[in-house]
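Dear colleague,

I am handing over the structure below, and after it you will find notes on what turned up when it was examined. Please read them with the structure open beside you.

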Amino acid sequence: MSATWRRLLRYFRPHAGKLALALVLLALHSAIPGLLVLLIERVLDDVLIQQDQALLRVLPVAVVALYAANGTLGFARGMLTRSVSWAVITQLRGELFDALLHQDVAWHQTHPTGGLLSRLTQDTDNVQYGVSAVVTAIQKPLTLAAILGAAATMSVELTALAVLVLPLVIWPIQRFGRRLRDRTRASLDNLADLSGVATEALTGIRTVQRHGGEAGRGSAFEVQNRLQERLRLQAHAARLMPSPIIEIIAAVGVAIVLWVGGARVVAGDMQPGELIAFLVALGLLNPPLKGLAEVHSLAQRARAGAERVFEIIDRAPAIPDTGTVRLDVGEAALAFEAVTFDYGDAPVLQGLSLSVPPGRTVALVGASGSGKSTAAALVSRLYDPTGGRLTLAGHDLRDLTLTSLRRHVAVVAQEPFLFDDTVAANIALGRPDAPRADVIAAARVANAHDFVSALPQGYDTRIDELGLRLSGGQRQRICIARAVLRDAPVLVLDEATSALDAESEFAVQEALDRLSADRTVLAIAHRLSTIRDADEIVVLDHGRVVERGRHADLLALDGTYAALVRRQG
Ligand SMILES: Nc1ncnc2c1ncn2[C@@H]1O[C@H](COP(=O)(O)OP(=O)(O)OP(=O)(O)O)[C@@H](O)[C@H]1O
Ligand SMILES: [Mg+2]
């Protein structure tokens, strides 16, 4: 058994009771075809040939009873195995999503959302089919054994002959099973690419339509779509292949039995009814044999899906949460100590040092691409620095638990991101159990309470119902309320007012000023007017600090900062 399957089986342990019951039902269910064989033999020999009247009255009832039992057992067993396999998949999908939520953003950047979504749906679906199939699989050998047992009561010798050809069916099952797994894996990989292309194009639908990108995006999709078609066909061929081969092998078995058994009947050593029943029994062997092949292919598909799922569950995030210090402070100093960083190629930060004393504000300014947002990302440990360190209340960020670090840092990013949930839930993102009064208080600080109250269902209005009806400034203020509710001692503001008109900028700025009071603030601003009062302004150029000081000092210096201010008029 592969390591992947051994691991999957561990997920079944909590459901051992249900599984045991399912197995009992399975065993009963499997015995029914064998009973049918015996029944047919009775019909042929005793009723038709020996003319047994009493048995003729019992047999019809027995037939109906057998089929009723068959149906009932099949239903109960099916529901039971499905309920176990779905419970297992639910667990697996939950673990996968959890792992996705904890992967570092650098990894996410190279793994497009669409592709990850297909893992959550397609891959787990494949595991689900395979898992249910394997739970049922145990029935096939039981059915085989029951039929062979019934056959053996008629002729041990003929049964032995039939059993001799059985091992031959293993070859096609294994040979095409491997190919199926390989093709399934390829098609799942491709499905991830396909979903990636689609998600991107649909998320950026405005950009696509504005620039007439339909044809271009359409053909990018077409490439993946065609590939998916080809891979699916190849997988399906590998899945169907064993069945005809098994039929041919079974036909060889029947031929041998006909040849040997026919000679017996002619010689008077065997009843004709016996031989016919025996041949019927051989025919009954076909479905479970093919079923076994089908189970094997589903198991291969499950393995392909499970491998892709476990890959992610097993991946250690590049931002290890190994710190042990749990900080719990009302105010804290934030410092960058000779921090260097790159995203893999050119250096982005080159020895950035700055410190924000508790309750003070330091502003980071510089041209586009100078590394400001990157510095902000390091504070929440979205990335770790490649050199130097960041400290919070004197602790290296890596020594703090991630939870503790992030509880102490609130961020207002430039791009306000809202979830398809209620306004209240969006504000309470980091504190889902926050009382409504706190949510409202946060919204008041963020200058958001008035427009939120005016929404159709107030705080319970869903953002997705509003669609894009919220203005940039309103979205921004909901995000500020989110940061207010975090009530963290350290605040990182990244260009929070850059995309707003004068009026909403005023509302947002007022909110930010209130939020910043008494906090340790790292403020990044394109509009230099908003950071005029900062305790220190650090000017970045290509990741290097070129100037630092207060607004007036920097103006007097008449360097990079003064030039930036002049450019903004
Ligand atoms: N996720 C990323 N992956 C790779 N490179 C990145 C990434 N984010 C930023 N960069 C690069 O790092 C450099 C600094 O980017 P950063 O976003 O920190 O600049 P910024 O000062 O915030 O610019 P802006 O004023 O335009 O917001 C740029 O050269 C940018 O191309
Ligand atoms: Mg930026």
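I begin with one side chain: a polar atom of the side chain of S118 lies 3.0 Å from the backbone oxygen of G115, which is a polar contact (a pair of N or O atoms within 3.5 Å; within protein, one must be able to donate a hydrogen and the other to accept it, and residues adjacent in sequence count only if both atoms are side-chain atoms). This is a predicted model, in which local features need pLDDT of at least 70 and side-chain atom pairs count only at pLDDT 80 or more, while totals for chains, interfaces and linings use all residues. Residues are numbered from 1 along each chain as its sequence is written, chains are lettered from A and ligands numbered from 1 in the order in which they are written, and side-chain values use heavy atoms, with hydrogens and water left out.

S118 belongs to helix α5, residues 113–137 (helices, H or I of at least four residues, and strands, E of at least two, are DSSP runs numbered from the N terminus). With a relative accessible area of 3%, S118 is buried (buried means under 20%, exposed over 50%, partly exposed in between, with a 1.4 Å probe and protein chains only). Leaving aside residues up to four places away in sequence, S118 touches several residues, including D123, L188 and R308 (contact means heavy atoms within 4.5 Å).

Further along, four strands form an open antiparallel sheet in the order β2-β1-β4-β5 (two strands pair if DSSP finds at least two bridges between them). Strands β2 (347–356) and β5 (395–396) stand at the edges with a single partner each, so one side of each lacks a neighbour in the sheet. Strand β1 (residues 334–342) is joined to β2 by seven bridges, and A335 stands opposite S355 in β2.

As for charged pairs, the count comes to 27 salt bridges (a side-chain nitrogen of Lys or Arg within 4 Å of a carboxyl oxygen of Asp or Glu). One of them joins R226 and E229 at 3.3 Å, N to O, and both residues lie in helix α10 (residues 214–240), three residues apart, about one turn of the helix. Another links R360 with D535, whose closest N and O atoms are 3.9 Å apart. Since R360 lies in the loop between β2 and β3 (361–366) and D535 in the loop between β8 (520–524) and β9 (536–541), this pair ties together parts that are 175 residues apart in sequence.
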